[in-house]
Amino acid sequence: MLIPVHGRAPTRPPSELIWDFAGQTMGTDWSVRAVPPPGLDRAAIQSAVEAALEQIIALFSHWDSRSELARFNAAPEGFWAVSEPFWDLLNRAMDIADDTDGAVDPTLGALVNLWGFGPPGPRPTDSVGTGVSLPTEEEIEAARAVSGWGRLRLNRDRRAVQQPGGLQLDLSGLAKGHAVDCVSDALLALGVAHHLVEIGGELRGRGVKPDGHPWWVELQQPPGAPAPRTVAALFDLAVATSGDWIRSYRVSGRTFSHTLDGRTGRPIDNGVAAVTVLADTAFAADAMATALTVMGPEEGPAFANALEIAAAFVVRSPDGVLTESVTPAFTAMLEEGA
């Protein structure tokens, strides 16, 4: 059991009701549990959630050719002015790329597409139809040549982003967490201060349930994980998990994960099966879960320990045995129990 340490008691919700909402967005499912304040109807909450999600898609979807991100990816060389919300998220992504030395990299769209995880669709089968055809060394190097956060230039005076030619932004490693925060903020603006938001496994809880208990959620675990069932109390807290089993394919007994390492141009192959991070925002949890996964079983825990990040690592040995380790910040939130 994980409990947050805030040093303050939550306020009592204004209602005994919990309303549930659900739908699909960004190729995955979303859900909201909300304690409605007096005078607010279900339609207002549904509309606020859907409007927040539609804005995220209009800005950052690389699957929708009309999105701002897709238009930038298709643009010729030059500096292009972008909207304020786009600028803000891209700046945050670039800050994290800088802080993690590229373990989170928003410019790997060409590699994502090449490995079969982007809008062009899955990798083709090989010439004899026996399985997936992997990219050649030449294709990987060509995609790497147009990728890399160090190639991206920002003009802060003009709020403009340089398209150096062929660079493909891909914010999918951050967009779900950002979307969770946007939905949570939209609910708070409506006066819905007590709620739980989930998009594709990334969650953020604010306030508490009508009975005064926190929003309890079960943490994701890879198949065969050694850790016992763990639940977290998301009282003003968010959680995200990055795992090599979530989106992947196998070729000749090897698993190719959707999480890519820009330093190699390939899916991660470092033994990290999953990383779960708890943070104040879903964006931070999502970004750090990805970064620590890419860093690997040694650099990742060292980085998390240095920054006091609450993280749990599940590492797969060469013979397939899974072991778990947690950071001191994660341990500090542990409480034995159900």
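1. Buried means under 20% relative accessible area, exposed means over 50%, and partly exposed lies in between (1.4 Å probe, protein chains only). Asp-20 is partly exposed, at 42%.

2. This is a predicted model: local features need pLDDT of at least 70, side-chain atom pairs count only at pLDDT 80 or more, and totals for chains, interfaces and linings use all residues. Residues are numbered from 1 along each chain as its sequence is written, and side-chain values use heavy atoms, without hydrogens and water.

3. A salt bridge puts a side-chain nitrogen of Lys or Arg within 4 Å of a carboxyl oxygen of Asp or Glu. By this rule there are 11 salt bridges. One of them joins Arg-33 and Asp-20, at 2.6 Å from N to O. The two residues sit 13 apart, Arg-33 in strand S2 (residues 28-34) and Asp-20 in strand S1 (residues 19-25). Helices (H or I, at least four residues) and strands (E, at least two) are DSSP runs, numbered from the N terminus. Arg-33 is partly exposed, at 31%.

4. Asp-185 forms a salt bridge with Arg-206, with the closest N and O atoms 3.0 Å apart. This pair links helix H6 (residues 172-189) to strand S7 (residues 202-206), 21 residues apart. Asp-185 is partly exposed, at 40%, whereas Arg-206 is buried, at 14%.

5. Asp-244 and Arg-316 also meet in a salt bridge, 2.6 Å from N to O. They are 72 residues apart: Asp-244 is in the loop between strands S10 (237-243) and S11 (248-251), and Arg-316 is in strand S16 (residues 310-316). Asp-244 is buried, at 12%. Arg-316 is partly exposed, at 31%.
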